[in-house]
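Colleague: Could you take me through the aromatic contacts in this model, with the criteria spelled out as we go?

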Protein chains: 2
Amino acid sequence: MNIYLNPKESEWDQILQRPRFDTSSLYDSVSKIISDVKSNGDEAIRRHTETFDKVKLDTLLVPAEEIEGSSARVSEELKAGIKEAHRNIKRFHSKQLCPDSFEETTPGVKCWQKTIPIQSVGLYIPGGSAPLLSTVLMLGVPATIAGCKEIVLCTPPSADGSVSAAILYIAKLLGIEKVFRIGGVQAISAMAYGTESVPKVNKIFGPGNQYVVAAKQICSRDSVAIDMPAGPSELAVMADESCVPAFVASDLLSQAEHGPDSQVILISDSMKVIEEVKEEINLQLVKLPRKEIAAKSLESCKLIQVKDKQEMVRMVNTYAPEHLVIACENYSELAAMIYNAGSVFLGNYSPESAGDYASGTNHTLPTNGWAHAYGGLNMDAFVKKITFQEISKYGLFNISASVIAMAEAEELEAHRNAVSIRMKAE
Amino acid sequence: MNIYLNPKESEWDQILQRPRFDTSSLYDSVSKIISDVKSNGDEAIRRHTETFDKVKLDTLLVPAEEIEGSSARVSEELKAGIKEAHRNIKRFHSKQLCPDSFEETTPGVKCWQKTIPIQSVGLYIPGGSAPLLSTVLMLGVPATIAGCKEIVLCTPPSADGSVSAAILYIAKLLGIEKVFRIGGVQAISAMAYGTESVPKVNKIFGPGNQYVVAAKQICSRDSVAIDMPAGPSELAVMADESCVPAFVASDLLSQAEHGPDSQVILISDSMKVIEEVKEEINLQLVKLPRKEIAAKSLESCKLIQVKDKQEMVRMVNTYAPEHLVIACENYSELAAMIYNAGSVFLGNYSPESAGDYASGTNHTLPTNGWAHAYGGLNMDAFVKKITFQEISKYGLFNISASVIAMAEAEELEAHRNAVSIRMKAE
């Protein structure tokens with residue numbers, strides 16, 4: 001943990017700098033797998049799965065019976081927890097749907113915008129010892145609310161070829177039938193280009209390691225849209241003396257345990273808070289099963305004292321954290337000044353982990369400073385908006401001078417002609 | 001022009017195939033310019049401008065007096081046309097703003113989503129003999145409605161170092177003060193990384209040649225968001241015997257004159273329509289100043305007869321055109337079945353050029369099949385949505401079992417602890 005005392009504003013960029021992760025060095029090796037899957041389909045997937053996941057697969061699609069039977073293999077507590085989270089995520093995301101807009105911009109010129117679900121989407125859920133079951137909810141719930149016709153889910157198989165029962169249980173809950181036991185670059189390639197078993201999708205969502213990230217970037221050049229650029233997870237906490245240092249420490253640790261490259265920052269106007277949080281981190285850290293990962297991440301953790309609340313806000317907007325906890329007395333007032341952050345947690349009883357799982361907000365959020373330009377995943381990501389226009393002859397007459405003048409200025413005579421030929425008609 | 005009679009559905013992909021444009025072969029040369037601008041700032045911009053635009057620049061920023069004086073150099077007709085288009089584009093885009101959403105997902109758990117303008121955006125406007133002045137409106141109007149704090153506009157200088165008066169006039173109309181006489185890769189690099197003169201922006205919008213497209217792709221990996229992938233412009237027309245062949249021909253030609261790689265497709269259930277449109281194209285083509293460009297594009301033009309309306313709709317949804325004109329009697333009914341297209345023009349009096357300039361819809365649309373996943377540019381592109389949550393102790397209690405069960409299943413003990421430590425507190 002590194003403590004900074006009242007750093008000058010000119011030093012902020014340096015202090016807040018993130019580690020650079022450039023996946024382009026992986027492009028060659030990743031591109032080879034992509035081309036292989038593109039050319040050889042399922043056979044290539046089986047080959048790469050044997051190499052990377054150490055398992056020989058027969059069918060890639062998880063059979064309906066296995067999905068059906070998953071419920072018996074998930075504890076009642078977890079099922080209840082999943083249902084509660086599902087309900088809240090569904091509620092919040094349903095509210096995000098925006099009515100279609102209509103405007104008669106000029107008499108006879110009717111324009112409107114219609115929201116249409118992306119027809120086919122692919123959800124990638126990383127595996128490992130503890131599969132990210134919450135991510136199935138975070139991606140699957142908005143996809144089903146949007147009405148995407150086809151939802152494909154890929155997740156890597158474990159060594160015996162099986163897939164996490166909790167993931168299957170959630171797939172069943174959401175009505176997702178096309179679950180494939182495929183991981184890594186081969187999963188992204190399969191969804192991007194389609195194979196005998198796996199349908200080609202229009203957009204791929206979901207987190208993954210740097211190979212998965214590189215594969216998404218490469219495939220997004222020519223074949224498939226992707227959710228957003230990805231980087232290591234981040235948390236910034238703004239805390240004043242109204243905070244509970246033990247709570248703040250628990251939030252910083254919950255971020256740190258994600259991985260050794262997690263970014264953890266505390267910004268406070270009180271040295272007392274910084275000292276107490278630091279102490280609490282050390283107390284809580286030793287009890288964690290993932291303490292080695294968290295300790296590694298904490299090496300680059302920054303505890304920054306600034307002179308006042310205004311400076312706290314400015315620093316956060318400069319950094320643009322993925323997650324922001326505001327543990328300050330006047331949190332509403334401060335929240336109103338934040339314009340660069342992914343998701344904001346207010347007060348002493350809004351831990352980041354609530355939003356990671358069950359409060360209703362999405363946990364797929366912009367990392368690595370992308371919060372300057374992107375919001376988190378929401379309903380907009382699963383739909384597209386098509387514009388329509390219906391113009392009467394009178395309407396076209398009303399805007400004809402404008403179209404003609406501008407087409408002339410752009411030296412596009414045929415554009416002009418498409419209007420004038422209609423004006424000349426009986 | 002190539003005529004296809006009742007092609008089998010299995011042949012559609014082949015017939016509708018687009019030319020492949022892979023800009024990655026340009027990445028090396030483009031990356032060099034980007035690195036140069038990143039390291040050497042304004043000096044590098046001046047050097048590349050001298051090479052590519054054949055002009056030695058003094059200041060890169062267009063002086064306020066030049067913007068102010070632009071009005072005198074634009075014809076009254078064009079100014080009136082611009083104002084009319086501005087009014088319509090502003091009306092339609094203002095309607096697209098969506099109210100912020102709020103939901104108490106569980107008692108004590110309040111979640112909301114707030115729309116916030118992207119703070120700084122860069123607009124790229126290509127130059128050439130006839131600068132794309134309409135694009136200044138299409139990008140600048142939503143940026144100003146969104147409330148983006150900083151709007152930077154780059155456009156290449158002509159040989160005497162000047163910038164199109166019409167572009168400056170529109171900049172003035174929209175209150176855009178930061179106009180730079182910079183084009184090509186050097187403009188994209190300057191806005192992506194910032195230089196002594198040019199501010200770094202969060203997102204870059206606008207069309208350009210393949211070098212500009214490659215530069216946007218490269219910079220979007222690590223520094224800046226971009227609007228959408230770009231390809232040659234496209235138009236598909238669905239026409240039945242209610243259409244006016246001369247009108248349809250004028251629309252196809254207005255697309256064809258954009259460039260030799262423009263994609264032009266007519267789909268009809270009537271061979272009579274196809275023959276008449278073909279004849280009309282030949283009649284109208286010879287009169288066009290850009291007839292050589294249009295003729296080149298028409299070489300790959302496809303006139304496709306299909307058996308009925310259902311097949312027309314299916315073919316369009318397979319192709320996912322940037323622009324779609326529906327010149328059919330029951331156009332409303334057919335429009336309701338379209339789910340893959342950028343912008344749709346209904347009936348005989350809605351030419352594509354109306355939407356290119358003045359009806360109110362945006363002309364920045366997904367090409368190259370990207371309409372499968374993307375809609376056209378709209379207000380969403382200039383804002384981001386930040387989620388907030390405010391949870392009371394009671395609210396956290398209500399979702400605590402869910403968070404704890406899911407955190408346990410994901411083996412993230414510190415996530416669990418962030419909730420349980422709060423539940424244990426007095």
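**Aromatic pairs and charges over rings**

Modeller: This is a predicted model, in which local features need pLDDT of at least 70 and side-chain atom pairs count only at pLDDT 80 or more, while totals for chains, interfaces and linings use all residues. Residues are numbered from 1 along each chain as written, chains are lettered from A in the order written, and side-chain values use heavy atoms, leaving out hydrogens and water.

Colleague: How many aromatic pairs are there over all chains?

Modeller: Rings of Phe, Tyr and Trp (its six-membered ring) pair if their centres lie within 6.5 Å; planes under 30 degrees apart count as stacked, over 60 as edge-to-face and the rest as tilted. By this rule, the count over all chains is 10.

Colleague: Which class does the pair Phe205(A) and Phe382(A) fall into, and why?

Modeller: The ring centres of Phe205(A) and Phe382(A) are 4.1 Å apart and the planes lie at 10 degrees, so this pair is stacked.

The two residues are 177 residues apart in chain A. Taking buried as under 20% relative accessible area, exposed as over 50% and partly exposed as in between (1.4 Å probe, protein chains only), Phe205(A) is buried at 0%, and Phe382(A), also at 0%, is buried. The class asked for is stacked.

Colleague: Which ring lies under Lys149(B)?

Modeller: A charge sits over a ring if NZ of Lys or CZ of Arg is within 6 Å of the ring centre and within 35 degrees of the ring normal. Lys149(B) lies 4.3 Å from the ring centre, over the face of Tyr339(A).

Terms used:
Helices (H or I, at least four residues) and strands (E, at least two) are DSSP runs, numbered from the N terminus.
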